[in-house]
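Subject: Structure for you to look at

Hi,

Here is the structure I promised. My notes follow below it.

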Amino acid sequence: MRQLYAFGAGGLFGVGLWVSGMTDTRKVIGWLDVFGDWDPTLAFVLGGAVTVMFIAWRIAGARAAPALGGSFPATPERRLDRTLVLGSLLFGMGWGLAGLCPGPAIASLTWGGTGGILFLVSMFAGMRAAPPLRHRLETQNI
Amino acid sequence: MPQDWLMGLLGGALIGLAAAFYLLLNGRIMGASGIVGGLVDGSGGFKSERASFLAGLVLVPGGVVLIAGGAETHLTANWAVVIIAGLLVGVGTRLANGCTSGHGVCGLSRLSLRGFVATAFYLLAGGVTVVLAKHVLGVI
């Protein structure tokens, strides 16, 4: 049952990404291109998604447990560290270069062509490189 | 297109609804980099649930686009840029423990401090990168 609902959530997420235009790298780069032909669409996408999710967090707060059992995610940490900042900066650089973040990159797999697959393979390689890098950042002063 | 903002708002609401279902039914945060990253490096639990989410994320929009048509990513043809961008997105989202869906959609709506800080830094880095790569270096 968990798998079925997870499939549905993934599917709805993917359709939302496509409908909103976020699988089109020109719209994402257009949003980041503040000195060019600026495209405000991403603000509407994020605004729409955050508004719905804000209500969902309120509903979750009033309930003891998720409908399929288990428990809700723990209260978020307030700890800020350099892995969060450095990671977000690196992610932002890649996001700006290609106009793809992980969700749209996966959602567009069937129509993204060879370039889309190349991006995903590179992204997986980057993900595999992260744990040892995190270990070094957390244990050494580099 | 003039109605781009409307499609953005509608699509954004669908994204929010997907995240809401994943939270209220499965009890999980819908963060794309976390869901896929936990499978790629083998660190995450709930493996079949993650795989099911990703199957839906690929197959459902794939099917919709097959029928509706008109999908184009307009990804750059410069493969060096694609590879570098993919590596940066992969390593960055895993170091930061989140991307636009996890820190952005789920974090901001929860008023999470880490979500706000991450979103501020990836927006800043993305904006500076586009300005440099497009207007200064001319590689995108």
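Two residues are in contact if their C-beta atoms, placed from the backbone, lie within 7 Å. The model is predicted: local features need pLDDT of at least 70 and side-chain atom pairs pLDDT 80 or more, while totals for chains, interfaces and linings use all residues. Residues are numbered from 1 along each chain as its sequence is written, with chains lettered from A and ligands numbered from 1 in the order in which they are written.

The interface: 97 residues of chain B are in contact with 101 residues of chain A. On the chain B side, α1(B) gives the largest share, 20 residues. Helices here are DSSP runs (H or I, at least four residues), numbered from the N terminus. That side has 61 nonpolar, 28 polar and 8 charged residues. Nonpolar means Ala, Val, Leu, Ile, Met, Phe, Trp, Tyr, Cys and Pro; charged means Asp, Glu, Lys and Arg; the others, Gly among them, are polar.

Now the α4 pair. α4(A), residues 82–98, packs on α4(B) at about 155 degrees, with axes 7 Å apart. (Axes are lines fitted to C-alpha atoms over the stretch in contact; angles run from 0 to 180 degrees between N-to-C directions.) That makes the two helices roughly antiparallel, the term for angles over 145 degrees. Their contact residues include L90(A), F91(A) and W95(A) from α4(A), and L88(B) and V89(B) from α4(B). The contact has 17 nonpolar residues, 7 polar and no charged.

α4(B) is largely enclosed by the rest of the structure, because 13 of its 18 residues are buried (20 or more other C-beta atoms, placed from the backbone, within 10 Å of their own). N97(B) follows α4(B), and its phi is positive, near 60 degrees.

Best wishes

Notes: Parallel < 35°, antiparallel > 145°, perpendicular 65-115°, else oblique. Buried ≥ 20, exposed ≤ 12 C-beta atoms within 10 Å, placed from the backbone.
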